[in-house]
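Please consult the sequence and the structure shown below while reading.

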Amino acid sequence: MGLKKFLVKPPDTPSRGKAKFRRGNPVRRPVQLFMPQELEKVKQHQSRGWHWVSPGWFFHPSSLGEECDRALLLGMAGLRAPVTDRLIRIWDEGKCMHFRWTGYFRETGQLIRADVPVKNLTYLVQGTADLLITLASGDPGLGEMKSIKDNRCARLPSPSEDPRENIEALLAVDHRSVVVQWTVYAAELAPRGFILFENKDTQEPLWYPMQVIDFILLPIRERFLKLKPKIQAHLIPAIFDDIQRCLKCDLQPVCSQMPQGEHPFQKITLPGEET
């Protein structure tokens, strides 16, 4: 829908012929199942509780859908919520989807670059965009790709040829994070492109042509500039006035141990850590 204006040819899964099964091919060997205790060791190795990582005092576009300034800056300071083995598998599946579509674009000759680094010192933005491709116009276009479950895919709006309609429709169904992420990267790399959602149950793709539009970009940059002095001074903002919003936040177990007002950043003992 609307892709002819943006893509030379929407890439499809290429025909690779029948797989060749040679003697000794691992596919033909008996599957060795984990015993329960062995599987538990794998799960414990992958998962982590609350933890700190090295701080990176930059906005990461994937986190900019977060409305709370305190949560945003705690993430910059290196705070990480618990990571379960299931969450790691979800992330790994997203990486596989990214790898596949990057290969499809490469095979059609449209790929300019995958995993494109982005850094802007004025707005303190740093991250990695999914890919740049060549659009039908010959101009570069930015692509961001997301893998979502069937029930969420069913709630997506029908794609339009008008990028503004796509942006408004995606915002209306609670996909602010991906719209903001695409906009921030596109402002640095290419003003047009697409967001691709793939149904992780059926692998059906939905393409949304996109374009940088000021009513999305300007408020984001205003927020950057408002928070920049706090970031440079390593200050943690005050909590929301509405405490009910805090009770629904994933960071509430940690945030509740900190002063409610603005204060200098200092690492605290996290839930589950030894005191």
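## Cysteines

The structure, which is a predicted model, contains zero disulfides. A disulfide is a covalent bond between the sulfur atoms of two cysteines. For C68, the closest cysteine sulfur belongs to C249 and lies 5.9 Å away, too far for a bond. The cut-off applied to such a pair of sulfur atoms is within 2.5 Å.

C68 is buried, its relative accessible area being 12%. C255 is likewise classed as buried, at 16% relative accessibility; the limit for this class is under 20%.

## Aromatic pairs within helix α3

Ten aromatic pairs are present in the structure. One of them joins W101 and Y104: the ring centres are 5.0 Å apart and the planes stand at 75°, so the arrangement is edge-to-face. Helix α3, which spans residues 85–107, carries both W101 and Y104. Three residues separate W101 from Y104, about one turn of the helix. Both W101 and Y104 are buried.

## A pair between helix α3 and strand β7

The rings of F105 and W207 also form an edge-to-face pair, because their planes meet at 85° with the centres 6.1 Å apart. F105 belongs to helix α3, whereas W207 belongs to strand β7 (residues 205–211), so this pair ties together parts that are 102 residues apart in sequence. F105 and W207 are both buried.

## The ring cluster

Which residues do ring pairs link into a cluster? The members are W101, Y104, F105, F194 and W207.

How values were computed:
Residues are numbered from 1 along each chain as its sequence is written. This is a predicted model: local features need pLDDT of at least 70, side-chain atom pairs count only at pLDDT 80 or more; totals for chains, interfaces and linings use all residues. Side-chain values use heavy atoms; hydrogens and water are left out. Buried means under 20% relative accessible area, exposed over 50%, partly exposed in between (1.4 Å probe, protein chains only). Rings of Phe, Tyr and Trp (its six-membered ring) pair if their centres lie within 6.5 Å; planes under 30 degrees apart count as stacked, over 60 as edge-to-face and the rest as tilted. Helices (H or I, at least four residues) and strands (E, at least two) are DSSP runs, numbered from the N terminus.
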